[in-house]
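Here's a quick tour of a fold for someone who likes to know the cut-offs. Have the viewer open and follow along.

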Amino acid sequence: MARPESRYGTHRSQVPIDAYDGVVRAIGLLLIPPRPPSHRLLPIVIGKRMSSALSTPPEHGLKHHDAAEDKLASMGYAQELPRSLSMITVLGLSFAIMAVPFGLSTTMAIGLTDGGPVTVLWGWCIVSLISLAIAASLAEICSVFPTSGGVYYWSHLLSKPRYAPIASWITGWLGLVGNWTVTLSINFSFALLILSAISLWNEDFVATAWQTVLCFWAVMLVCTVINIWGNKWLDKVGKEREGQNIKLMLSSHFHPPEQLNTICIYWTAASVLIILVTVLAKSPSSAKRSGKFVFSEYDASASGWPTGWAFFVGLLQAAYTLTGYGMVAAMCEEVQNPDREVPKAMVLSVAAAAVTGIVYLIPVLFVLPDIAILLAAPLGQPIPVLFKEVTGSAGGGFGLLFLILGIALFAGVGSLTASCRCTWAFSRDGAIPFSRVWSKVNKRYDVPVNALLLSTTVICLLGLIYLGSSAGALPTLHQRQT
């Protein structure tokens with residue numbers, strides 16, 4: 001695919017042509033490696049990357065904007081998307097994709113089955129520390145190569161020239177499919193949680209496979225519509241006052257009510273606080289668990305795994321939730337001063353998620369009803385049952401569940417945004433069939449609409465797997481064990 005023109009001219013990769021031709025001849029159209037234009041990049045200085053990015057004072061205004069464009073041009077790309085996002089917005093996007101209360105709620109059955117409170121709480125702490133280290137590593141690389149290509153571009157630059165094409169191709173496709181399946185998982189879990197809410201009033205209700213898929217498609221439709229027509233609300237750059245003059249400029253000062261990703265931070269914090277206060281206040285003292293139970297109870301007898309190994313299986317709850325923070329690298333070309341702000345957003349979002357998870361889990365574990373009842377919950381979703389048991393009413397349970405559903409909506413929209421940008425960036429480097437179509441940016445909405453529709457279509461088709469799965473009826477964990 002032809003490289004977009006910039007004021008620096010057309011940029012091309014210096015990777016030998018025969019390396020590409022060999023891959024093309026041997027594997028075919030789908031295996032065309034991406035061709036990141038790398039010839040203008042300076043050598044990496046390992047020890048100074050992150051420190052310089054975090055210590056450099058932020059620039060302002062149009063000069064700041066031009067610096068980001070110049071950096072992108074030096075990597076061989078023309079600026080095609082508006083740089084309207086700030087660090088807080090990207091942090092909100094990453095935080096939204098992780099969606100801590102939602103992720104921990106939809107996977108609660110895994111932790112309860114494979115060890116109980118010890119696995120749920122201490123497993124979260126362990127995985128949080130590991131994720132923080134991974135996020136710091138990705139952030140350091142991102143501070144040097146702030147482009148929407150993300151990990152596949154980085155692997156191209158960090159590999160030996162001989163292996164760069166195949167390394168970037170493998171990394172790119174794994175990353176792209178990973179982005180699609182993360183979005184699939186989030187929105188499918190969202191659909192399951194919506195359907196499980198019905199059982200708060202009708203305990204005999206069990207959604208069919210088709211009802212589940214149709215609900216999932218409806219969720220995807222809503223997320224797609226928001227990504228196209230609600231893009232301006234993802235972040236909105238306002239005015240900044242300097243001295244006596246008011247001038248319009250790109251700024252890190254923003255208006256939270258007008259920003260979807262920023263609102264997510266406030267919604268999540270408020271939701272956790274409301275849930276914490278409500279469950280502790282409504283649960284009778286006689287029904288509350290002891291501190292010993294919350295911090296040291298371990299029972300993996302229902303898991304079917306050896307006692308020690310069950311703990312590691314139970315880490316899937318935390319590992320599933322703490323994903324997606326690397327996806328925000330795909331937003332680099334829409335961020336002011338991306339070599340500074342995106343790395344900070346990656347690390348801070350994981351740290352914030354870790355704290356949020358602990359604050360959410362401890363109260364929930366203190367009011368935990370009988371675990372056997374939770375594991376028998378419809379559609380394998382114990383959190384609606386837990387909220388109903390604690391509040392004593394279906395309405396009260398749904399009130400708390402509604403807060404989780406709001407977090408799920410932010411997660412669905414955010415993950416689809418990141419998937420769309422990843423698809424667009426990979427297409428821009430000619431690595432996807434019909435790349436010319438998917439790499440176009442719609443000038444009316446300032447969104448790569450074609451890449452968004454491709455991502456949505458692929459994710460919706462992947463949802464059909466549920467119809468043919470042997471687990472399509474989704475029996476509960478308790479039913480499977482018995």
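What follows goes from the whole chain down to single residues.

## Ground rules

This is a predicted model, so local features need pLDDT of at least 70 and side-chain atom pairs count only at pLDDT 80 or more, while totals for chains, interfaces and linings use all residues. Residues are numbered from 1 along each chain as its sequence is written, and side-chain values use heavy atoms, with hydrogens and water left out.

## The chain as a whole

The chain has 22 helices and two strands. Both kinds of element are DSSP runs numbered from the N terminus: helices are H or I with at least four residues, strands are E with at least two. Of the 482 residues, 53% count as buried. Buried here means under 20% relative accessible area, exposed means over 50%, and partly exposed is in between (1.4 Å probe, protein chains only).

The chain exposes about 20,400 Å², and carbon and sulfur atoms supply 66% of that. The areas come from the Shrake-Rupley method with a 1.4 Å probe, and for residues only the protein chains shown count as cover. As for contacts (heavy atoms within 4.5 Å), take those with a separation of 6 or more: residues 24 or more positions apart account for 81% of them.

## The core

A nonpolar core is a set of buried Ala, Val, Leu, Ile, Met, Phe, Trp, Tyr and Cys residues joined through side-chain atoms within 4.5 Å. The largest one in this chain has 119 residues, and F102, Y360, F387 and L401 have the most contacts inside it. Helix α18 (residues 394-428) gives the most to this core, with 17 residues.

Leaving out residues up to four places away in sequence, F102 touches I186, S189, F190, L193, I404, I407 and A408.

## Helix α4 and its end

Helix α4 covers residues 87-98, and its 12 residues reach 17 Å from first C-alpha to last, close to the 16 Å expected at 1.5 Å a residue. That expected span is 1.5 Å times one less than the number of residues. How much of α4 is covered? Mostly: 11 of its 12 residues are buried, among them M87, L91, F95 and M98. The buried residues of α4 pack against α5 (100-106), α9 (164-198), α11 (260-282), α14 (316-321), α15 (338-366) and α18.

A99 sits in the loop between α4 and α5 and counts as buried at 3% relative accessibility. N337 also has a positive phi in a residue other than glycine, near 50°. Its place is the loop between α14 and α15, and N337 is buried too, at 11% relative accessibility.

## Aromatic rings

A search of the whole structure finds 14 aromatic pairs. Rings of Phe, Tyr and Trp (its six-membered ring) pair if their centres lie within 6.5 Å; planes under 30 degrees apart count as stacked, over 60 as edge-to-face and the rest as tilted. W173 and F426 make an edge-to-face pair, 5.7 Å centre to centre with 80° between the planes. W173 lies in helix α9 and F426 in helix α18, so the pair ties together parts that are 253 residues apart in sequence. Both partners are buried: W173 has 18% relative accessibility, and F426 has 0%.

W229 and Y445 have ring centres 5.8 Å apart and planes at 75°, so this pair is edge-to-face. W229 belongs to helix α10 (residues 209-229) and Y445 to the loop between α19 (435-438) and α20 (449-462), so parts 216 residues apart in sequence are tied together. W229 counts as exposed, at 53% relative accessibility. Elsewhere, W201, W267, F398, F402 and F410 form one aromatic cluster.

## Around V294

The charged end of R289 sits over the ring of F293, 4.3 Å from its centre. The test asks for NZ of Lys or CZ of Arg within 6 Å of the ring centre and within 35 degrees of the ring normal.

V294 is found in helix α12 (residues 291-296) and is buried, with a relative accessible area of 0%. Not counting residues up to four places away in sequence, V294 touches P117, L121, R289, L365 and F366. V294 and V367 are 73 residues apart in sequence but 9.5 Å apart in space, C-alpha to C-alpha.
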